[in-house]
Amino acid sequence: MEKTPDKFKTHLLPLARIKKIMKSDEDVRMIGAEAPVLFAKACELFIIEITLRSWLHTEEGKRRTLQKSDIAQCIVNTDIYDFLIDVIPREEFTKNELLKKGTNIINSNMAGQYGNQGVNINQSLMQNNMMGNNN
């Protein structure tokens, strides 16, 4: 396999911006030259992955335009994106999506938005899970 150093010289994401984000943490003082390059590539791969998964939801809706709701649905339906749940606007969630995903989303999102109503839904789900009832 031949090495292609030119692959790392062209970046789709600006390295200066990535470095600025990295330095936003006050504990980070120095950043090696290779670190922003690796972060740029990781970000590219992440964007491609989440776009492809979101596109599946676009096609399910028989549309040709990727929308914010497709990305939100991708995040809700994919366990590896659970760390992004709090980033999605709450209006993007439907009740069925929340019930499918489980009690963690209801705790962090609905309980904050709907107060006791979210907690009641959460308690009901926990009771159903304990009794072995799956909706």
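Helix α1 covers residues 15-22 and helix α2 residues 34-60. Their axes come within 9 Å and cross at roughly 105°. Axes here are lines fitted to C-alpha atoms, for helices over the stretch in contact, with angles from 0 to 180 degrees between N-to-C directions. From α1, the contact uses Leu15, Ile18, Lys19 and Met22. From α2, it uses Ala35, Pro36, Val37, Phe39 and Ala40. Contact means heavy atoms within 4.5 Å. Eight residues of this α1 and α2 contact are nonpolar, none is polar and one is charged. Nonpolar covers Ala, Val, Leu, Ile, Met, Phe, Trp, Tyr, Cys and Pro; charged covers Asp, Glu, Lys and Arg; the others, Gly among them, are polar.

The model is predicted, so local features need pLDDT of at least 70 and side-chain atom pairs count only at pLDDT 80 or more, while totals for chains, interfaces and linings use all residues. Residues are numbered from 1 along each chain as its sequence is written, and side-chain values use heavy atoms, with hydrogens and water left out.

The protein has six helices and zero strands. Along the sequence, the pattern reads α-α-α-α-α-α. Helices (H or I, at least four residues) and strands (E, at least two) are DSSP runs, numbered from the N terminus. Of the 135 residues, 27% are buried. Buried means under 20% relative accessible area, exposed over 50%, and partly exposed in between (1.4 Å probe, protein chains only). Among contacts between residues at least 6 apart in sequence, 24% join residues at least 24 apart.

Helix α2 also meets α3. The axes of α2 and α3 come within 8 Å and cross at roughly 105°. That makes α2 roughly perpendicular to α3. On the α2 side stand Ile50, Arg53, Ser54, His57 and Thr58. On the α3 side stand Asp70, Ile71, Gln73, Cys74, Ile75 and Asn77. The residues of this α2 and α3 contact divide into four nonpolar, five polar and two charged.

The largest nonpolar core has nine residues. They are Ile50, Ala72, Cys74, Ile75, Val76, Tyr81, Leu84, Ile85 and Ile88. Such a core is a set of buried Ala, Val, Leu, Ile, Met, Phe, Trp, Tyr and Cys residues joined through side-chain atoms within 4.5 Å. Helix α3 (residues 68-77) gives the most to this core, with four residues.

Cysteine 74 is buried, at a relative accessible area of 0%. Cysteine 43 is partly exposed, at 31%. A search of the whole structure finds zero disulfides (pairs of cysteine sulfur atoms within 2.5 Å).

Two further residues deserve a note. Glutamate 44 is found in helix α2. Glutamate 44 is buried, with a relative accessible area of 14%. It touches Leu12 and Leu13, not counting residues up to four places away in sequence. Glutamate 44 and histidine 11 lie 33 residues apart in sequence, and their C-alpha atoms are 9.1 Å apart in space.

Lysine 62 lies in the loop between α2 and α3. Its phi is near 55°, a positive value in a residue other than glycine. Lysine 62 is exposed, with a relative accessible area of 77%.

Terms used. Parallel < 35°, antiparallel > 145°, perpendicular 65-115°, else oblique.
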